[in-house]
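Me: Please take a close look at one part of this model, strand pairing and the charged contacts around it. Keep it brisk, and give the cut-offs as you go.

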Amino acid sequence: EGRILSHRGYDGTSKYPVNVDCTLTIHVPIGYTATLNTKALDLERGFDLLRATSGSSSEILQESTNFTSQLGHDLILSFRSGSSITFTGFELTFSVDPSDVAKYAICEQSSFTDDKALIVSHQSFGIVNHDHNVSCTATIPGRPNYFVTVTFIDFDLEVGYDFLTLTSGSLSSSDFETGSTFFAMENTDLTMRFTTDESTSMRGFLLLYEYSKFAKSSWSMCDQSTIFSRSGKILSHSTFGATQYSP
């Protein structure tokens, strides 16, 4: 377990300096997560700020806050103080531990059946570039009433020469970048085909896939901002056909 303090000489009574603006990165290996705990925090409210960020998740830390990094992402802490009043600061603890989510190289097996898993272009992803002359295909099987979401945590292939193609029914794409998302069709296999040529190799890719259950086939317009479905009904209000919508 590690310990992070707001300033040198932190003892719970001394004060941190003014005009602090610094960032600290906790490196989290693939297949691990970092957990951050706020043991003590005393900052000038509205002026001094301690923020934790990992991937798309970001939170301003408060006293007794716990924050866990997203899979495949480092944990980044940023601390900023104002130019006038300061307080006694903060004490954090953190640990980096193996995740219960498995990690596989795409070519090491032909089918992936975990509910959620990380898939990399090669086992040494993040250390060396991917191999030359790769050609393999793997499948994430479809499940009734489920769909698969694929999120690219990191993506770096030579454009026009090396390809990762995802196909699910009539859907197919090889146009990805870091942050891209692909949604497979319900109850339909998702096929991943990875090919590289004999020349330049790049960093490769890291993706996270996850099965999600279809909860329903109809939604009222203002229930939610995003629908993950290939078909369904959208209603003006949840009791459409029985009552009028509210003013």
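Reply: Sheet and salt bridges

An open sheet is built from 5 strands, with mixed pairing and the order 9-10-17-12-15. Its edges are strand 9 (102–105) and strand 15 (181–183), each of which pairs on one side only. On average, neighbouring strands of this sheet are turned by 25° against each other, direction ignored. The axes here are lines fitted to C-alpha atoms; angles run from 0 to 180 degrees between N-to-C directions. Strands are DSSP runs of E, at least two residues long, numbered from the N terminus. Two of them count as paired if DSSP finds at least two bridges between them.

This is a predicted model, in which local features need pLDDT of at least 70 and side-chain atom pairs count only at pLDDT 80 or more, while totals for chains, interfaces and linings use all residues. Residues are numbered from 1 along each chain as its sequence is written, and side-chain values use heavy atoms, with hydrogens and water left out. The predictor's confidence in each residue, pLDDT, runs from 0 to 100. Its mean over the protein chain is 90, and 90% of the residues reach 70 or more.

Strand 15 pairs with strand 12 (residues 146–156) in the antiparallel sense, over 3 bridges. Val150 has Phe182 of strand 15 as its bridge partner. Strands of a sheet pair through backbone hydrogen bonds, either parallel or antiparallel.

Strand 12 also carries charge. Asp154 forms a salt bridge with Arg203, with the closest N and O atoms 2.8 Å apart. The pair spans 49 residues: Asp154 sits in strand 12, and Arg203 in the loop between strand 16 (190–195) and strand 17 (204–213). A salt bridge here means a side-chain nitrogen of Lys or Arg within 4 Å of a carboxyl oxygen of Asp or Glu. Asp154 counts as buried because its relative accessibility is 19%; the cut-offs are under 20% relative accessible area for buried, over 50% for exposed, and partly exposed in between (1.4 Å probe, protein chains only). Arg203, at 35%, counts as partly exposed. Asp156 joins Asp154 and Arg203 in a network of salt bridges.

Asp115 forms a salt bridge with Arg143, and their closest N and O atoms are 2.9 Å apart. Asp115 lies in the loop between strand 9 and strand 10 (116–120), Arg143 in the loop between strand 11 (135–140) and strand 12, so the pair ties together parts that are 28 residues apart in sequence. Arg143 is partly exposed, at 23% relative accessibility. The whole structure holds 5 salt bridges.

Strand 16 pairs with strand 11 in the antiparallel sense over 6 bridges, with Thr137 opposite Arg193. Strand 13 (residues 163–168) also pairs with strand 16 in the antiparallel sense, over 5 bridges; there Leu166 has Met192 as its bridge partner. The side chains of strand 16 alternate. Leu190, Met192 and Phe194 point to one face and are buried.

Methods: Helix = DSSP H or I, 4+ residues; strand = E, 2+ residues; numbered from the N terminus.
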